[in-house]
Amino acid sequence: MSETLDDLGVLERPEASTPLGWLFWVCVGWLGLNVLAAIFANVLPLVDPLYQNYNVVNAGPSLHHLLGTDDLGRDIFSRIVFGSRVSIAVGVGAMAIGFGIGAPLGMMAAYRRGRFDTIVTTVMYVFLAFPAIVAVIAVLSFWTPRSLLKIILVIGLASVPLVYRVIRTATMAIATKDYVIAAKVQGATDRRILIKELLPNIAPIGVSFLLIGIATVVTLEGALAFLGLSVNPPTPSWGNMINESRTVMSQNPWLVLFPSLALCLFLLCLNFIGDRLRSHFDVTEVKL
Amino acid sequence: MTDVLLSVRNLTVTFGKGAHRVSAVAGVSFDVYEGETLGLVGESGCGKSTTGKAIMKIVEPTSGSVSLDGADITSARGRTLRRLRTRMQMIFQDPISSLNPRRRIKDIVAEPLDCWGSATGAERDALVSDLLAKVGIDPVVYGNRYARQFSGGQCQRISIARSLAMRPKMLICDEMVSALDVSVQAQILNLLEDLKAEYGLTLLFIAHDLAVVKNVSDRVAVMYLGIICEIGPADVLYEAPAHPYTRFLLGAALEADPDAPRRSDVLEGEPPSPLNPPSGCRFRTRCPFAQEKCVNEVPVMRDVSPGHQVACHFPLVDVQ
Amino acid sequence: MSEVPLLEVRDLAVTFETAGGPLPAVSGVSFTVGPNETLGIVGESGSGKTVLARSIMGLQPRARVTTTGSVRLNGSETVGASEAELRRLWSTEVAMIFQDPMTALNPVMRVGKQIDETLRVRLGMSRPAAKARAIELLEMVGIPSPAQRYDAYPGQLSGGMRQRVVIAAALACTPKLLLADEPTTGLDVTIQAQILNLLDDLKDRLHMSVVLITHDLGVVATRTSHLAVMYAGRIVEFGATRDVFARHRMPYTRALLESSPRVANPSHTRLAAIPGRPPNLLTLGEGCAFAPRCAYASERCHVERPPLSAPDAAGHTFACWNPLTEESR
Ligand SMILES: Nc1ncnc2c1ncn2[C@@H]1O[C@H](COP(=O)(O)OP(=O)(O)OP(=O)(O)O)[C@@H](O)[C@H]1O
Ligand SMILES: Nc1ncnc2c1ncn2[C@@H]1O[C@H](COP(=O)(O)OP(=O)(O)OP(=O)(O)O)[C@@H](O)[C@H]1O
Ligand code: SF4
Ligand code: SF4
Ligand SMILES: [Mg+2]
Ligand SMILES: [Mg+2]
């Protein structure tokens, strides 16, 4: 069959995904450090974040207190590390709920279409029409006493329709591709199609949305703290710390600066990583 | 060539509801005999792809029946349907989107085997290598590459290899060479002919290119606005078309020959919207031979010669 | 061709700077088109047809592209011409129909207005005059009830009708040269025949020259006076259409002709497929670009690129070291 042999020597489209770059790894490193510190905060040689040392109130950075102390003489560095636990737990926890429920529903709806899709989508859109922030605030103000778990649950559930919409749209674009039909034709079961054909192609979009979602929730926690709706003081969270520093901003600018910085860096890294991953895994984008 | 392998009876497919109701396929019947190639030609939107997909039950037929080797597909469900589908395979127009860009081609070709667990381990690998080699792709060098690294012609070869994995009896090719360059198109068409002989395949070859269809087909069916208006042996139908539409379609085909007559009888106008098809004969709005009867009566299929049928009140050849 | 050619392309080369290195999309292209002549350009996907057409128009972006050589439109140079000069040429000398009729029109603007705009901006017509002329143009390209279609949006028209609108817009300023880049790709055969006939009629009625670019030999066979065959960015054979079809000297032209299926041939005629596929322009070697696929290739073909031969009496030229002869054809 020599006449039909193709010269496969030259590939038309060489592997040309955008390199991740060193900045990506710096961001990953920083996030990793944050997460590790949050997990091992208890065993790290840190001052008790609740211990009030009235000898050093509103002190600037020093060897003893790396980032200084607040108006009650508590160590800011230690509070930031412990505070990251709340922020990260809320971000990761809420998104776990949001994706745990929203993603499978979105994929199923987009793949199956029909009545299942109509019903679920209608329900989700009804929820979407209601501003999620207002709902979260309302529920949290009445559902006392507030705990970390409740906050995660409420934000997580509120994010379900958003996740659902993104995943459903992404799946729909892929579910009509010929390779999905081809898999069906070969006798693949629906489950196999969802896992083998759809999931790998949705995952990149899903992951970058997940990271950006975590960033959004972390910000939201800050906003809730501002309204006094996050975990109850004196438990530190980044949002709580920024909120409390409001009153003493003029006397102790460090108090607002460092938690804000921690928050900003965290968000920046998440968004950057999400963005980079998306373009890295985008194999359809033609790169000349 | 006398046994009917695929039998399609009064197949209809409608999309949408109310004012948006499109009858994409409006009562199509034909048989495909074992070992032959039936070509299906027609202009864009006439329902060729929908017919192919309805046969595979990828889109749900609204009514009618399809049976393969006596087994009814239209009523099959679940595992039975999935099993039946493996005996018929489909190859699509867009070679790139037919393959999952995130999978290695040897896994793509092995997918049907994996689905059914019909071959595992070394046996599976050997089968896959054999299939890839058959379509002209070196399995050792390229088996581990991702689908996105191949050109259109190569992707179409990989699609063919995949479709042959379960040793189907029937292959439905939907515009499989339309997206390819002429030089590559010829390679794929030759490959298809070789594999057809080797695997004893029966083909339903859907395309809009009349020359390509004639080249591969034993018989040809011409579709217009959801119905089949003429069906017959390829050489007879191209030589002496009985349906006015077929004649115009052939007249519009461009031959790569400067001495070919430049036919001036060009079909005027455009196909009417399938949302609102004309009464009687669906071609009557563009047919220069249309008469009163064509408005009121739907023409039924009738023989003009053995194996050559036409749905027209006033066919262009003498009815025997 | 004693008179001044309407279009004269000399040694045109267009190279893109890409991540993979310089990509010579068009190299060493020369040809002329006389008044009221139709030149066909055929070639497979990626052979540089669209880049060539865009360069003739002066439409190629300047960043990351090097264009050398000369394109003279009725005596005016377009390579390196200023924006203002190009605008003048576009309004009086040359117009182009793009490959994709779906994207050539603005989807949110009424089709009549899109033609109007050209007339008002380029020719300085008044509003009512432009509208009247636009309707006239729509009628000229065979659009039924043009006064009503004037107000339609592109999405409300079929593919064939949209291509007619595109043609009407291109003809708005009565250009002397019309570049049609795959004007019928993606259209149905019956609609394709309508559009090609329309172009033919308009050419004679408006005394235009037409450059008809296509990958389909059937499109150019009976509708062009001259034919250029492109491969890997170069013209590899040029001549009167009839000569190129009947007395081609270049093996690629022959292979192209023999690999296309014909309606006139009986079923199951084995096609003479060309092995391999068109070369990657980034890794073009020194020799003939067709050499890896050519049945006539000799040692020399792999190391030295064949130049275009001196044209014979009929203007037929080709680039091949081992040209086909009467016997070998
Ligand atoms: N999923 C769908 N929903 C609604 N209408 C559809 C759908 N699929 C196809 N149609 C309509 O059905 C008709 C037939 O479409 P089909 O794709 O079968 O045509 P075709 O003959 O394959 O055309 P082409 O040559 O363009 O592929 C068209 O009018 C199309 O708009
Ligand atoms: N802007 C660009 N940057 C880099 N390369 C380009 C650019 N435009 C075109 N090319 C390359 O130039 C070559 C010629 O492209 P061109 O579009 O002219 O081909 P064509 O003959 O018109 O093909 P088709 O039949 O597919 O339209 C191709 O290899 C293409 O990848
Ligand atoms: S039935 Fe009448 S309208 Fe239809 S094709 Fe025949 S002659 Fe034409
Ligand atoms: S120069 Fe050589 S390789 Fe090129 S077309 Fe002629 S014979 Fe073939
Ligand atoms: Mg189709
Ligand atoms: Mg092009």
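B:Arg9 has B:Ser65 as its bridge partner in S4(B). The model is predicted, with local features needing pLDDT of at least 70 and side-chain atom pairs counting only at pLDDT 80 or more, while totals for chains, interfaces and linings use all residues. Residues are numbered from 1 along each chain as its sequence is written, chains are lettered from A and ligands numbered from 1 in the order in which they are written, and side-chain values use heavy atoms, without hydrogens and water.

Helices (H or I, at least four residues) and strands (E, at least two) are DSSP runs numbered from the N terminus. Two strands pair if DSSP finds at least two bridges between them.

**Strand pairs**

| Strand pair | Sense | Bridges | One bridge pair |
|---|---|---|---|
| S1(B) and S4(B) (63-68) | antiparallel | five | B:Arg9 and B:Ser65 |
| S1(B) (4-15) and S2(B) (22-33) | antiparallel | nine | B:Leu6 and B:Val32 |
| S3(B) (37-41) and S8(B) (202-206) | parallel | four | B:Thr37 and B:Leu203 |
| S1(C) (7-18) and S2(C) (21-33) | antiparallel | nine | C:Val14 and C:Val26 |
| S4(C) and S5(C) | antiparallel | two | C:Arg72 and C:Glu77 |

The hairpin of S1(B) and S2(B) has six residues between the strands, and B:Gly16 in this hairpin takes a positive phi near 75°. In chain C, S1(C) and S2(C) form a hairpin with two residues between them.

**Sheet of chain C**

In chain C, four strands form an open sheet in the order S2-S1-S4-S5, with antiparallel pairing. S2(C) and S5(C) (76-77) stand at the edges with a single partner strand each, so one side of each has no neighbour in the sheet. Helix H1(C) (residues 49-57) packs on this sheet and touches S1, S2 and S4 of chain C; its direction makes about 115° with that of S1(C). Contact here means heavy atoms within 4.5 Å. Axes are lines fitted to C-alpha atoms, for helices over the stretch in contact, and angles run from 0 to 180 degrees between N-to-C directions. Within the sheet, S1(C) also pairs with S4(C) (residues 65-73) in the antiparallel sense over eight bridges, and C:Arg10 stands opposite C:Ser70.

**Sheet of chain B**

An open sheet of eight strands in chain B has the order S6-S7-S8-S3-S9-S10-S12-S11 and mixed pairing. Its edge strands are S6(B) (88-91) and S11(B) (302-305), each pairing on one side only. Neighbouring strands of this sheet are turned by 20° against each other on average, direction ignored. Helix H6(B) (residues 152-164) packs on the sheet, touching S6(B) and S7(B) (170-174), and its direction makes about 170° with that of S6(B).

**Helix H7 of chain A**

H7(A) (residues 190-226) has 37 residues, but its end C-alpha atoms are only 46 Å apart, short of the 54 Å that a straight helix would reach. That expected span is 1.5 Å times one less than the number of residues. The helix bends by about 55° at A:Leu199, with A:Pro200 following within four residues. The bend is the angle between axes fitted to the seven residues ending at a residue and the seven starting there. Just after H7(A), A:Gly228 takes a positive phi of about 75°.
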